[in-house]
Amino acid sequence: MAWDFAQIHQGVHQDIEGVHDLQALEAFRIKYLGKKGLVSDIFDSLPRLSPEEKPLVGKQVNELRNLLTQLINAKKDEVQQTKKSASSPFFDVTLPGIGWPVGHRHILSQAIDEICGLFEKLGFAVMEGPEIESEENNFEGLNIPADHPSRDGFDTFYLDVADPGDKTKKLLLRSHTSPGQVRIMKAHKPPLAVIIPGKVYRPDAVDASHSFMFHQIEGLLVADDVKFFHLKGLLTTFCQRFFGPDIQMRFRPHFFPFTEPSAEVDISWKHGKKEWLEIMGCGMVHPAVFKAVGYPEGKYTGLAFGLGVERIAMLRYGIQDIRVFFENDQRFLKQF
Ligand code: DAH
């Protein structure tokens with residue numbers, strides 16, 4: 001036979017194996033099916049063949065052409081498929097997802113919420129006052145006149161801004177939440193029971209137990225006949241609910257200009273060595289404070305208290321250094 005079709009087929013299969021891109025496929029097509037390709041050579045040779053060979057070769061060349069078309073189409077699909085999967089990013093649906101860390105409230109916010117919540121259950125309303133205060137509310141209204149020695153106990157950040165209400169005085173960053181008492185009493189008539197959480201500022205050098213900014217919660221209850229035992233009962237209930245029923249408490253006489261009589265509250269846990277730790281100041285609202293807010297003389301009585309949130313959180317969780325609350329170290333914050 002003029003053409004060795006077995007050998008041609010072998011060559012075709014070998015050639016198509018080596019094709020991996022469209023360019024090589026086109027070269028393959030030209031080699032076999034192009035105008036000057038092998039298939040066309042075979043067709044051209046037909047007139048020169050013997051009458052016996054002609055139909056045989058004609059049949060085989062047709063078969064070869066069909067085969068080549070099939071191979072080319074299949075290869076084209078294959079090349080395009082690999083190209084597609086190489087360019088799309090690898091995506092393994094069985095891999096575990098990336099979890100986004102979920103934040104939570106800061107330990108101090110949690111403590112403030114919890115303390116306010118306990119007082120809310122006892123009928124107190126939560127109110128807030130501004131961090132920038134007047135001398136009037138921070139001091140005078142609380143029976144702390146300018147020349148009074150007790151002002152020394154309240155070192156204060158003064159702002160270089162005159163008080164719009166009294167140009168001879170400066171505004172300041174409140175040094176305690178007690179001015180909230182003055183604001184509330186100026187705006188509302190008794191009976192009232194409020195709890196006032198907030199930030200306070202004092203120019204203290206920062207160390208393990210001092211910070212120039214910290215949080216207080218102020219409490220105030222004013223009505224017709226409030227007595228010291230109401231104060232004791234209220235604060236005992238609070239401490240038992242916050243620290244646990246085993247907590248021991250004592251009220252130690254103290255002095256605050258805005259309360260009379262005044263006391264500091266100490267607590268102690270039964271277990272461990274007996275140690276008293278001061279947690280808040282309190283007392284019966286001083287008549288001079290009622291006078292400053294314009295309440296009629298002798299009409300009302302009230303109780304007040306103020307506690308430091310950091311201090312209470314440090315005691316409850318055994319935290320040794322106040323600075324950790326403000327450093328935003330996740331290793332600390334995540335524990336609460
Ligand atoms: N304002 C006081 C302070 O910062 C705390 C305080 C004591 C508040 C006695 C009160 C109180 O309401 O009755 O040290």
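This is a predicted model: local features need pLDDT of at least 70, side-chain atom pairs count only at pLDDT 80 or more; totals for chains, interfaces and linings use all residues.
How many nonpolar, polar and charged residues are in the lining of the largest cavity?

**Stop 1: the largest nonpolar core.** Select Leu 235 and Phe 305. In this core of 43 residues, these two touch the most other members. Now colour the elements that each give two or more residues to the core: helices 5 (107–121), 8 (228–243), 10 (309–317) and 11 (330–333), along with strands 7 (248–256), 8 (259–268), 9 (277–285) and 10 (301–308). Helix 5 supplies the largest share, eight residues.

**Stop 2: around Phe 305.** Stay on Phe 305 and show its contacts, leaving out residues up to four places away in sequence. Among them you will find Phe 119, Ile 195, Ile 217, Leu 231, Leu 234, Leu 235 and Met 280. Glu 218, Gly 219, Gly 281 and Cys 282 also touch Phe 305.

**Stop 3: a second core.** Next, select Leu 220, Val 222, Phe 258 and Val 289. They belong to a separate core of 21 residues.

Stop 4: Rolling a probe the size of a water molecule over the atoms shows where empty space is left. To see its lining, select Ile 107, Gln 110, Ala 111, Glu 114, Arg 316 and Tyr 317. Helix 5 and helix 10 each give two or more residues to this lining, and helix 5 gives the most, with four.

Back to the opening question: the lining has three nonpolar residues, one polar residue and two charged residues.

Definitions and conventions. Residues are numbered from 1 along each chain as its sequence is written. Side-chain values use heavy atoms; hydrogens and water are left out. A nonpolar core is a set of buried Ala, Val, Leu, Ile, Met, Phe, Trp, Tyr and Cys residues joined through side-chain atoms within 4.5 Å. Buried means under 20% relative accessible area, exposed over 50%, partly exposed in between (1.4 Å probe, protein chains only). Contact means heavy atoms within 4.5 Å. On a 1 Å grid over the protein atoms alone, a cavity is a set of points where a 1.4 Å probe fits but cannot get out, and a pocket is an open set with protein on both sides within 12 Å along at least five of seven lines; lining residues have an atom within 4 Å of a point. Ala, Val, Leu, Ile, Met, Phe, Trp, Tyr, Cys and Pro count as nonpolar, Asp, Glu, Lys and Arg as charged, and the others, Gly among them, as polar.
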